[in-house]
Amino acid sequence: MQVTADGSRDRARRSLRDARVMVTGSTGFIGRHLCHNLHAQGAQLVLLQREPQPEPWPGARCVHVQPTDRADIAATLRHVRPDIVFHLAGFVSGDRSRDAMVRAFDGNVIGTPAFMAPEQARALEVDGRGDL
């Protein structure tokens with residue numbers, strides 16, 4: 001959002017037509033609605049999924065990637081070179097077992113920085129810092 005000389009606010013809009021947009025969590029509630037809107041605006045969707053699923057929108061590219069596999073995520077980011085990344089994936093469970101908690105921690109805490117490192121989006125080597 002930009003503030004103009006007279007103090008009014010002007011929402012700068014970026015066209016998403018033909019933008020390469022990578023989305024994790026595309027099968028969740030928010031992800032489905034986001035992808036529907038991105039597709040309607042003409043974005044080229046690249047959907048990272050834990051489990052292979054059918055193409056939900058015409059022309060969408062589905063890529064099977066584990067959210068805890070940093071090397072695979074980095075390779076996918078270098079190959080796709082997305083303009084925008086929406087990281088919405090998360091592990092949610094009511095299971096309070098140790099295994100479920102470890103899986104949630106690995107996916108939500110350990111896996112998230114793999115999508116957030118700005119170096120990866122620019123196909124550069126990652127030095128361990130995340131843009132959190």
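User: Which residue in E4 is the bridge partner of valine 21?

Analyst: That's leucine 45. A quick note first: this is a predicted model, where local features need pLDDT of at least 70, side-chain atom pairs count only at pLDDT 80 or more, and totals for chains, interfaces and linings use all residues. Residues are numbered from 1 along each chain as its sequence is written, and side-chain values use heavy atoms, with hydrogens and water left out.

User: What makes two strands a pair?

Analyst: DSSP has to find at least two bridges between them. Strands (E, at least two residues) and helices (H or I, at least four) are DSSP runs, numbered from the N terminus. Here E3 and E4 pair in the parallel sense over five bridges. The chain gets from E3 to E4 through H1, in a right-handed β-α-β crossover. Right-handed means that, with the strands pointing away from the viewer, the path from the first strand over the helix to the second runs clockwise.

User: What is the strand order in the open sheet?

Analyst: E5-E4-E3-E6, four strands with parallel pairing. E5 (61-64) and E6 are the edge strands with a single partner each, so one side of each has no neighbour in the sheet. On average, neighbouring strands are turned by 20 degrees against each other, direction ignored; axes are lines fitted to C-alpha atoms, for helices over the stretch in contact, and angles run from 0 to 180 degrees between N-to-C directions. E4 and E5 are joined by four bridges, with valine 46 partnered by arginine 61 in E5.

User: Is E4 mostly covered or mostly open?

Analyst: Mostly covered: five of its six residues are buried. Buried means under 20% relative accessible area, exposed over 50%, and partly exposed in between (1.4 Å probe, protein chains only). Arginine 81 counts as partly exposed because its relative accessibility is 42%.

User: What volume does the largest pocket have?

Analyst: About 270 Å³. Its lining has 20 residues, and the closest to its centre are Gly25, Thr27, Leu48, Arg50 and Ala89. A pocket is an open set of points on a 1 Å grid over the protein atoms alone, where a 1.4 Å probe fits, with protein on both sides within 12 Å along at least five of seven lines; lining residues have an atom within 4 Å of a point. Grid points are joined across faces, edges and corners, and the volume is the space filled by probe spheres set on them. H1 gives the largest share of the lining, three residues.
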